[in-house]
Amino acid sequence: MKQVVQNYKSGELAVLDVPVPGCKPGGVLVRTAYSLISTGTEMMKVSEAGMSMLGKARSRPDQVAKVMQSVATNGVPATYRKVMGKLDSYTPLGYSLCGGVEQVGAGIDDVKVGDLVACAGNEHALHAELNWVPKNLYAPVPDGLAPRHAAFGTVGSIAMQGVRQGEPQLGEVALVIGLGLIGQLVVQLLAASGVRVVGVDPDPVRCELAERLGAVACGDPESAAVEASVAELTGGHGVDQVYLAAGGGSNQPVELAARLCRDRGRVVDIGKCRLDLPWNAYYEKELDVRFSRSYGPGRYDPEYELEGRDYPIGYVRWTERRNLACFLDLLARGSVDVEPLVSHVADFDDAVETYQRLKDGDLKAVAVLFRYPEPTGEAEETAAPAVAVPEVKRPSGGASAPARAANSPVRLAFVGAGNYATSMLLPHLAQRDGVELSTVVTTTALSAANAQRKFGFAEATTDLDAVLGDKSIDAVFVVTRHSSHAELTRRALMAGKTVFVEKPLALTEDELAGVLAAVEESGNDRLQVGFNRRFAPLLQEAKNRFGARTGPANLRYLVNAGRLQHGSWYLQQGTEGSRFAGEGGHFIDTASWLLDADPVSVYATATSGHEDLQVVLRYPDGSTATISYVTTGPSGFPKETLDLVADGRALRLDDFVRASVYGRKKWVSSRLPKARDKGQNAELAAFIKAVRTGGPMPVPLQSLVATTAATLAVQAGLAGGAPVTLASAR
């Protein structure tokens, strides 16, 4: 299928061929009929992409702060790869469309194939021929409403949420500053609510359009006519509410709002304009400044948007989805008219030219629609979801891995192509001789296409079955979200593949048991979990210099994990497990490797809220390892520091930058600044060697299982308040 994309680094716009997205449970696959260009938000993004790197940094200081934090945590080279990887990727455009339901995912019963729906979301309602849309981000289109009008559903919801924040009352007077697409819709919604509206915009054409659509009067912000109209309509008191629907860097809108608003009036920010509030003006009138968050309650909440968990109507009357349905109803009843806002309708194939004309100013428009070609009737490949698909046929024998021709390259498939895969794994593999990147599989079309373009995969798809059934693929990398690791690993093992799965291997004991059952049933134990720290060159050298032990050891490992950003999927503990369950295996594996044994018991305690953990591991020879996993430490402090003491010797690791060993002789690694090498490259080299030669896997399966079991035991220990004896030690 085709999709409009932009490279944020170069500014390039393109209509790209990408795989069809899979129809995952909890949503529907929609074939687009019309999608709407937001001439404000989208064109701002398009313009930003054309800036220099310095200009991009100035426009997004929040992102610059994230980069600096990443440098402190991961070092310059890793951060550079991650940032440039993000910049030099195709990103999607669009967030408002209307189309027909092509396929219905499991758990959906409110629409059927062929139904017309309006869709929202800058990750789901894209300028693409097909989109997968979760339940709470689509709404059925009322009978008789034209698809080109229903495509306004998202921007209509944005305008509606802004109006709701203003709490308009019958007979009030409102001022709308900025008469672009959102402003024009706000004018109509206010007029439909019995509010008299004055509009402000420097463009006389937009002022005239707003008056035709219900505004009492409109004018230039510098015009005395605007103040005169406000004075006449309000008896000189000022408007009851102001809606800021303007963009740009001028502070004029907030200053005008203060001047024309009544005492204790309401000012609602809907657009993205400068907000340097003149303190005296806002203080003296005690103005109520409010913000409108996009489409409404539910926005930026992954449990609502992605998992379909609705808010009870008795507590949250107007959610994203209910706003969308309400706006469609107003359109169907004629209370709002969007046809006068349509400045241009372009064929989807002409998308790049249309954006360029908008950017250059050749096309002056309030709203522009893309019109998509009618379906040809030919069966288009629609992939099943990455997890919820029919079982792959299990091999009848116990063969561990497909036979490989001598001297042939190791052929790899990646399931998942997120940040970690594209910044920490694929850059090493793409440069390695004797490795062929065969296929990349993702549930979203564009991420697969990006990985194919950047790393040279032969194919990109959303069809996991095709990969597992391809006998020419030697190994499968599972680099998806944590909740899918165990099931994808199980299926790949049953298909006879060698598997590299990023940590964690499993989130529950049942998931771990399922993986082990697959190993037993298939006879395939060719498995590696991405515990990379034991492969770090600096730590390996330090261990060698420390030497063999004769007595028990005491190991202390401080992990300054830091707080997660709001919205991170790591916080979705209901589906993705706790944060420690997700990454704690790294530190347990490192401790066990240094102590040359697997733990026999786990004791865990935590601060209130389980944010900071103290995990004590006991080993067969009496050694102990204490892992302090903290999220409340300072950002400037090293992320990982480790001390190992035994037999009158001590080993210290400082964040994979420097190491030292104290004994009869002292050894300190180079003090020159080095990149943090946490072992990914060496780990991948060992894995590829095992696949190529058929030799032992880099880490014994018993050790992988023991580390996973110990990680899972932490949660049980927190719940029970007592040490947990591991099953392998009984």
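**Questions on a predicted model**

Biologist: Where is Leu 93 found, and what is its relative accessible area?

Modeller: In this predicted model, Leu 93 is found in the loop between strand 4 (90-92) and strand 5 (96-104). Burial requires a relative accessible area under 20%. Leu 93 is buried, because its relative accessible area is 1%.

Biologist: How many Å separate Leu 93 and Gln 3 in space, C-alpha to C-alpha?

Modeller: Along the sequence, Leu 93 and Gln 3 are 90 residues apart. In space, from C-alpha to C-alpha, the separation of Leu 93 and Gln 3 is 8.7 Å.

Biologist: How many helices and strands does the protein chain have, and what share of its residues is buried?

Modeller: The protein chain has 24 helices and 31 strands. Of the 730 residues in the protein chain, the buried share is 53%.

Biologist: Among contacts with a separation of 6 or more, what percentage comes from residues 24 or more positions apart?

Modeller: Contact here means heavy atoms within 4.5 Å. Among contacts in the protein chain with a separation of 6 or more, residues 24 or more positions apart account for 70%.

Biologist: Which residues of helix 9 are buried, and within what arc do they fall?

Modeller: Helix 9 spans residues 224-234, and its buried residues are Val 226, Ser 229, Val 230, Leu 233 and Thr 234. In an α-helix there are 3.6 residues a turn, so residues three or four places apart point the same way. The buried residues of helix 9 line one face of the helix, because seen down its axis they fall within an arc of 110 degrees.

Biologist: Which exposed residues does the opposite face of helix 9 carry, and which elements cover its buried residues?

Modeller: On the face turned away from the buried side, helix 9 carries the exposed residues Ala 224 and Glu 232. The cover over the buried residues of helix 9 includes strand 9 (173-177), strand 10 (196-200), strand 11 (217-219), strand 12 (239-244) and helix 10 (252-260).

Biologist: What is found at the start of helix 9, and which residue just after it takes a positive phi?

Modeller: At the start of helix 9, a side-chain oxygen of Ser 223 comes within 3.0 Å of the backbone nitrogen of Ala 225. Just after helix 9, a positive phi of about 65 degrees is taken by Gly 235.

Biologist: Why is helix 18 described as largely enclosed by the rest of the structure?

Modeller: Helix 18 covers residues 485-494, and its buried residues include Leu 488, Arg 490, Arg 491 and Met 494. Among the elements that cover these buried residues are strand 17 (410-415), helix 17 (464-468) and helix 19 (509-522). Helix 18 is largely enclosed because the number of its 10 residues that are buried is nine.

Biologist: Where is Gly 717 placed, is it buried or exposed, and which residues does it touch?

Modeller: Gly 717 lies in helix 24 (residues 701-720). Its relative accessibility is 0%, so Gly 717 counts as buried. Leaving out residues up to four places away in sequence, Gly 717 touches Ala 604, Ala 722 and Val 724.

Biologist: How are the rings of Tyr 304 and Tyr 311 arranged?

Modeller: The structure holds 13 aromatic pairs. In one of them, the rings of Tyr 304 and Tyr 311 lie 5.0 Å apart, centre to centre, with 40 degrees between the planes. Planes under 30 degrees apart count as stacked and those over 60 as edge-to-face, so the pair of Tyr 304 and Tyr 311 is tilted.

Biologist: Over which rings do Arg 164 and Arg 299 lie?

Modeller: Arg 164 lies over the face of Trp 318, at 3.8 Å from the ring centre. The charged end of Arg 299 sits 4.4 Å from the centre of another ring, that of Tyr 300.

How values were computed. Residues numbered from 1 in each chain as written. Predicted model: local features only at pLDDT ≥ 70, side-chain atom pairs only at ≥ 80, totals over all residues. Heavy atoms only, no water. Phe/Tyr/Trp six-rings, centres within 6.5 Å; stacked < 30°, edge-to-face > 60°. Lys NZ or Arg CZ within 6 Å of the ring centre and 35° of its normal. Helix = DSSP H or I, 4+ residues; strand = E, 2+ residues; numbered from the N terminus. Buried < 20%, exposed > 50% of the residue type's maximum accessible area, 1.4 Å probe, protein only. Arc of directions from axis to C-beta. Polar contact = N/O pair within 3.5 Å; in protein donor to acceptor, adjacent residues only side chain to side chain.
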